[in-house]
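Below is a short note to read alongside the sequence and the coordinates.

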Amino acid sequence: RAGDYHGARAVVERCIRRIEAYAGDDRETLGGLLDPVIAHLAAADPDLFGDLALNVVNVAWADGAPLDPAEEAQVLDDVLAGAPPAAVRILFTPRRLSDNWFSHWHEPRKAAVVSLDGWDGTLGVPPEAFVAYEVIHHGLRLLGPAWEPERLAHAETRGCLFDFCAHRSDVDIKLQAADFCPSCHAALAAAGLPMGRLQHLAEVVRTLAVPASVVH
């Protein structure tokens, strides 16, 4: 705005270098994980997910350190600075989040940061089911403020998509059941959310949650 075009170019180029450093050599690996999820969601609900695009950010490891809040904010700033317009953005990283949560929602940025730490496909439920769940969990914010997953989360594990899940084993149960418990179903229906569409999306999670070893 001040007319310093040389300085502006330098800022943009530094931002690009940081983003490229985050991505490392794993773009193809993460793309291979996300592509089938996108196809399933687009088929289940083309109106919501037919034009789905994900910002995939593989943040470089620093001696196994978790992604602390300051670095997480920097990643978001860098990626969103050059991203095309979108109502919701979901960023995936192999880094563990600082509080061991599976994902963080950043309301001012309308963006989620999701950790894929521990989802290498060797422990039961395939990672595609987790990715689909997180995309649905945050992507349905497109429906409006009536979809507020944080408000419906409950501590006990019911096999409901709103189980809080403090442990990985609880997440596996949630993804395999991929249902809405009676109280959450009633709350969503009362808010006017399309339960038929939500059930179709939950079926995607259930389908992807079947371990490869039991698929014939």
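**Notes on the predicted model**

1. The largest nonpolar core holds 46 residues, and Leu 41, Leu 175 and Leu 188 have the most contacts inside it. At least two residues of this core come from each of α2 (27-44), α3 (46-49), β2 (89-93), β4 (111-115), α5, α7, α8 (182-190) and α9 (195-208). Apart from this core there is a second, separate one of 9 residues, which includes Leu 76, Val 79, Leu 80 and Leu 97. As background, nonpolar side chains tend to be buried together in soluble globular proteins. The model discussed here is a predicted one.

2. For orientation, the chain contains 9 helices and 4 strands. Their order along the sequence is α-α-α-β-α-β-β-β-α-α-α-α-α. The chain has 216 residues, of which 42% count as buried. Taking the contacts between residues at least 6 apart in sequence, 62% join residues at least 24 apart.

3. Not counting residues up to four places away in sequence, Leu 175 touches Trp 119, Val 125, Ala 129, Phe 130, Tyr 133, Val 205, Arg 206 and Ala 209. Leu 175 is also one of the buried residues of α7, together with Asp 170, Val 171, Asp 172 and Lys 174. The cover over the buried residues of α7 includes α5 and α9. After α7 comes Ala 178, which has a positive phi, near 40 degrees.

4. Helix α5 spans residues 127-139, 13 residues in total, and its first and last C-alpha atoms are 18 Å apart, close to the 18 Å expected at 1.5 Å a residue. The helix is mostly covered, with 12 of its 13 residues buried. Among the buried residues of α5 are Phe 130, Tyr 133, Glu 134, Ile 136, His 137 and His 138.

5. The largest pocket has a volume of about 450 Å³. Its lining consists of 24 residues, and those closest to the pocket centre are Trp 101, Ser 103, Tyr 133, His 137 and Phe 164. Two or more lining residues come from each of β3 (103-106), α5, α6 (149-152) and α7 (168-177). Which element gives the largest share of this lining? The contributor is α5, with 5 residues. Sorted by class, the pocket lining has 13 nonpolar, 5 polar and 6 charged residues.

6. A search of the whole structure gives 2 cavities of 30 Å³ or more. The largest cavity has a volume of about 50 Å³. The residues lining the largest cavity are Tyr 133, Ile 136, His 137, Trp 147, Leu 161 and Phe 162. By class, this lining has 5 nonpolar residues, 1 polar residue and no charged ones.

7. His 137 sits in helix α5. Is His 137 buried or exposed? His 137 has a relative accessible area of 14%, so it counts as buried, the cut-off being under 20%. With neighbours within four places in sequence left aside, His 137 is in contact with Trp 147 and Pro 149.

8. Arg 109 is located in the loop between β3 and β4. Arg 109 counts as partly exposed because its relative accessibility is 27%, and the class runs between the 20% and 50% limits. Not counting residues up to four places away in sequence, Arg 109 touches Ala 73, Leu 76, Asp 77 and Leu 80. Of these, Leu 76 and Leu 80 are included in the second core. Arg 109 and Arg 89 are 20 residues apart along the chain, and their C-alpha atoms are separated by 8.5 Å.

9. Asp 51 lies in the loop between α3 and β1 (55-56). Its relative accessibility is 77%, and therefore Asp 51 counts as exposed. The C-alpha atoms of Asp 51 and Ile 38 are separated by 9.1 Å, with the two residues 13 apart along the chain.

Technical notes
Residues are numbered from 1 along each chain as its sequence is written. This is a predicted model: local features need pLDDT of at least 70, side-chain atom pairs count only at pLDDT 80 or more; totals for chains, interfaces and linings use all residues. Side-chain values use heavy atoms; hydrogens and water are left out. The expected span of a helix is 1.5 Å times one less than its number of residues. Buried means under 20% relative accessible area, exposed over 50%, partly exposed in between (1.4 Å probe, protein chains only). On a 1 Å grid over the protein atoms alone, a cavity is a set of points where a 1.4 Å probe fits but cannot get out, and a pocket is an open set with protein on both sides within 12 Å along at least five of seven lines; lining residues have an atom within 4 Å of a point. Grid points are joined across faces, edges and corners, and a volume is the space filled by probe spheres set on the points. Ala, Val, Leu, Ile, Met, Phe, Trp, Tyr, Cys and Pro count as nonpolar, Asp, Glu, Lys and Arg as charged, and the others, Gly among them, as polar. A nonpolar core is a set of buried Ala, Val, Leu, Ile, Met, Phe, Trp, Tyr and Cys residues joined through side-chain atoms within 4.5 Å. Contact means heavy atoms within 4.5 Å.
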